[in-house]
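Please open the structure in your viewer and keep the selection tool at hand.

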Amino acid sequence: MKIALPLLFTLSLGMIPCTAAAKTVLQIPDNVDVLAINAQAPAKASGLFPSDTEELNDGVNQIVFKYSPAFEIGKDIRHAYSPVIIAKFKASDTQLHFQLPSYRSLTQARQEIDHLQWALVDAQGNNVIIAEDTLQKNGLQIGRDYVQEAQHYNTEAGIAAIDVSPAPTTHAVAVSTPQSASSAQKTHVSATKAPTPSKPLSADSPNLTQLKRWYQKSNQQERKAFRKWIIDQE
């Protein structure tokens, strides 16, 4: 029996193995705010409608996060807040899940959360954390730039730091001619006359995003106090 060539081609394609690029997926619970990933703003877990997953490249990664369990107190929702944790971990082609403590009450959470016992485990239940530390800042905590803090932490080579060495750049070698030198001089003069315009503030800046998230998590009394404080700053 003869088999048509198109059918043979289709069958041969079906037998070719598919090799998709391996990725590590970080599962993010509701009570965890991921503030930075590899000293950059999260690709998905940020903004007004953050995702509950984040895709990471296989290998060593770094996250900055805060744990904020919620408790219903009367008609209000109150939170306890962990320190801002920066952690380095290594994983490949797996799902990662946070293991975090649960507390019986807001009082217990606020008493114990400063010494948070947590883990980041893969699909086999192995803790993948290599090292962890805290990002500390004195004074007012509102408006912190966690991306910038993580970048500074890495340059200071903290225990949970990752390599932030910039990639080498290739410099072109130009052959100077009388005409090209004249053109370069004109270009330099015009460049000095045209100042670079300042970059406008993005609506998705880390500071604004974090302020929005804190405001949404606060209760009515906290929102009222915050708005009064904002008005007083005008």
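**First stop: leucine 135**

Select leucine 135, which lies in the loop between strand 10 (129–134) and helix 3. Helices (H or I, at least four residues) and strands (E, at least two) are DSSP runs, numbered from the N terminus. The model is predicted, so local features need pLDDT of at least 70 and side-chain atom pairs count only at pLDDT 80 or more, while totals for chains, interfaces and linings use all residues. Residues are numbered from 1 along each chain as its sequence is written, and side-chain values use heavy atoms, with hydrogens and water left out.

Is leucine 135 buried or exposed? Its relative accessibility is 8%, so leucine 135 counts as buried. Buried means under 20% relative accessible area, exposed over 50%, and partly exposed in between (1.4 Å probe, protein chains only).

Now display the surroundings of leucine 135. Leaving aside residues up to four places away in sequence, leucine 135 touches Val64, Val84, Ile86, Arg144, Glu149, Ala150 and Tyr153; contact means heavy atoms within 4.5 Å. Valine 64 is 71 residues away from leucine 135 along the chain, and their C-alpha atoms are separated by 8.3 Å.

**Second stop: helix 3**

Select helix 3 (146–155). Which residues of helix 3 are buried? They are Tyr146, Val147, Glu149, Ala150, Tyr153 and Asn154. Seen down the axis of helix 3, these buried residues fall within an arc of 160 degrees, so they line one face of the helix. The arc is that of the directions from the helix axis to the C-beta atoms. An α-helix has 3.6 residues a turn, so residues three or four places apart point the same way. The face of helix 3 turned away from the buried side carries the exposed residues Gln148 and Thr155.

Next, examine both ends. At the start of helix 3, a side-chain oxygen of aspartate 145 reaches to within 3.3 Å of the backbone nitrogen of valine 147. Alanine 157 follows helix 3, and its phi is positive, near 60 degrees.

**Third stop: the nonpolar cores**

A nonpolar core is a set of buried Ala, Val, Leu, Ile, Met, Phe, Trp, Tyr and Cys residues joined through side-chain atoms within 4.5 Å. Select Leu26, Ile63, Phe89, Phe98, Trp118 and Leu120: of the 26 residues in the largest nonpolar core, these touch the most other members. Strand 2 (32–37), strand 4 (59–67), strand 7 (85–91), strand 8 (95–99) and helix 2 (106–112) each supply at least two residues of this core. The largest share, four residues, comes from strand 7. Apart from this core lies another, of 14 residues, among them Leu35, Ile86, Leu135 and Ala161.

Colour Phe65, Phe98 and Trp118, which form one aromatic cluster. The structure holds three aromatic pairs. Rings of Phe, Tyr and Trp (its six-membered ring) pair if their centres lie within 6.5 Å; planes under 30 degrees apart count as stacked, over 60 as edge-to-face and the rest as tilted.

Select aspartate 93 and threonine 94. Aspartate 93 is in the loop between strand 7 and strand 8, and threonine 94 is found in the loop between strand 7 and strand 8 as well. Aspartate 93 counts as exposed because its relative accessibility is 55%. Threonine 94 has a relative accessible area of 10% and is therefore buried. Not counting residues up to four places away in sequence, threonine 94 touches Lys23, Thr24, Val25, Asp122, Ala123 and Gln124.

The phi of aspartate 93 is near 50 degrees, a positive value in a residue other than glycine. Most residues other than glycine have a negative phi. Alanine 39 also has a positive phi, near 60 degrees. To find alanine 39, go to the loop between strand 2 and strand 3 (53–56). With a relative accessible area of 4%, alanine 39 is buried.

Select aspartate 163, in the loop between helix 3 and helix 4 (178–193). Its relative accessibility of 65% is why aspartate 163 counts as exposed. Asparagine 61 is 102 residues apart from aspartate 163 in sequence and 10.0 Å apart in space, C-alpha to C-alpha.

Finally, show the entire chain. Its secondary structure comes to six helices and 10 strands, and buried residues make up 31% of its 234 residues.

Methods
Polar contact = N/O pair within 3.5 Å; in protein donor to acceptor, adjacent residues only side chain to side chain.
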